[in-house]
Amino acid sequence: MFLKNKFLQALTVIFIIHSVVGGLFLPLSPNIENAVYAKQDSLLIFNLYTPKIKEKSDVFLYLNLPKEKKVTKPITIHQTKDSIKAVFINPEFYKGVNKGMSFDLIAQNQKDGQMFYFSAFTADTSYNQETWISEDKSILKESKAFKWSFPNRNILRESIRNLFFHVPMWFAMMFMLIYSAFFSIKYLSSGNVLHDEKAHNAVKVGMFFGTLGILTGMIWAKHTWGAYWTDDPKLNGAAIGMLSYLAYLILRNGIDDEIKKAKIAAVYNIFAFTIYIIFIYILPRINASLHPGNGGNPGFNIYEQDNTMRFFFYPAVIGWIMTSLWLKDILLWITFRKKECLNP
Amino acid sequence: MFKEIFILLQKEFKNELTKKTSLLSILLYIASVSYLLFFLMKTQGALVKLEVKFWNMLYWVIVLFSIINSIYINFSKDNKARMLYYFNMFRPECFILSKLIYQSFFSTIIALFTYLFFGIWLGNPIENNGIFLLTIIIATNAFSAIYTLMTAISFQTNQSTLLSSILGFPITIPIIIFTTKLCREAFSESISSHFYTTLFSLIGFNFILIFLSIILFPFLWKE
């Protein structure tokens, strides 16, 4: 399909270039880099390091309790070259707050819009008698203008760009494995060797994208979780799946007879695929995982709510899936040319 | 269908009881490995008592390897002429089901004997016997379900000894993790909150594995 259709080839290249160039070169939006707080009597003093904020002249600061949508203002703000010092009165926002609840810090000015620093402060004593007085709710409901920059998150920072590589590569791998399992089932019902070759080459391409996905994921994990490999159910599932598909490739080499090879490989492929799906999608939901979307972590929503991210993420997904199909077509062509050379 | 399975099972048991080689060889294998472990523990100076964590680990690894061996021995007993006879006489679903039932029974015996030898030489940390027996039955069933299909696949190829473990290992890793988790519950009288999720996911695994074997084995059958 991809070998002859020039339009599809051009589309794939455009999607890939669009997502790679845009994903790597678009700037991040301004944000608070770091927040350090100290408690003194009834005061809470924040030191914000904010080299990313462009105009510091009129920054408004708020402490925000996310679930109850309550906001409090600081009493004084003191600004220096690369930091802002904000002082909040302690008891005022402590009332009615349970131990362990965390506050977000919100900064806002005319030019940069809203900036969030999530979980800047965690309450450690509880006052349950009085309710907390909220003020200036309206300021949080301002409409967001469409800006050409990626969201700047606490821990993610620049590594948010990996979303355009890591996630689409796993999608491409999953697509290839589903494709391969589909053609294995088709082979068992039809006995057409073409279907088996399709399944085999799809597994090869899938393993290629799986390796890329693991490498990009390892780099991302190093910068956000602090280690290249963690004991995460999803990582273990991915590694086990990769091992079982490598075993599939070894199994194919062990059999000489063409039809026997196709049949046995198809059986093993269906078996491995079913188990792999269980490992990667069902088990992480039972156990806690660090990945977004599992075990109480926020899902992809935080990324998808941003229009700029969407504008590059969807083309990246489509582009990498189309690349995988293209690669599979090339491999298929090579296998059939080899066969033609061997038995003309 | 049940009659066919019954006949096949009867044949397996008769075959085993007349020759007795495979059971005895596997028992000797387990006994010598446990005895080796006993010696290795002793060389650390005085006789050290094995920690519960390591007991658990070693126990399941040895059970797994002896099950792989026993299934390999079982398959290699059937020569080509006998397979042809089965092919003409029985349906593939019945054949694989009888193999599965026989293997899970045999594997449970292997696990119990390993427990016996471990109890003699390496100490017995099991407090809750009911849970331990349940774990043994479920886990050995899962292992034998995986390796029966994988050995059936690998017997079609040239290098069958190595391949069955290569094909089976990736799939066994999570099952052995779940099993050790479940077995940890047997070391104390009380049950932790994770017990039922682990138990039911293992049982679910078993059903999926058996289902897949029944569906996929007929395609291997004609070769």
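**Notes on the helix packing and the chain contact**

1. In this predicted model, H4(A) passes H5(A) in a left-handed crossing (the near helix is turned anticlockwise from the far one by less than a right angle). Local features need pLDDT of at least 70 and side-chain atom pairs pLDDT 80 or more, while totals for chains, interfaces and linings use all residues. Residues are numbered from 1 along each chain as its sequence is written, with chains lettered from A and ligands numbered from 1 in the order written.

2. H4 (residues 193–224) and H5 (residues 233–253) of chain A pack at about 145°, with axes 11 Å apart (lines fitted to C-alpha atoms over the stretch in contact; angles run from 0 to 180 degrees between N-to-C directions). Helices are DSSP runs of H or I, at least four residues, numbered from the N terminus.

3. Look at who meets whom: on H4(A), His200(A), Val203(A), Met207(A), Gly210(A) and Ile214(A); on H5(A), Ala238(A), Met242(A), Tyr245(A), Tyr248(A), Leu249(A) and Arg252(A). These contact residues comprise 8 nonpolar, 2 polar and 1 charged (Ala, Val, Leu, Ile, Met, Phe, Trp, Tyr, Cys and Pro are nonpolar; Asp, Glu, Lys and Arg charged; the others, Gly among them, polar).

4. Now for the two chains: 22 residues of chain A are in contact with 21 of chain B (C-beta atoms, placed from the backbone, within 7 Å). H5 and H6 (258–286) of chain A each supply at least two residues to chain A's side, and H6(A) gives the most, with 13 residues.

5. Chain A's side of that contact has 17 nonpolar, 3 polar and 2 charged residues.
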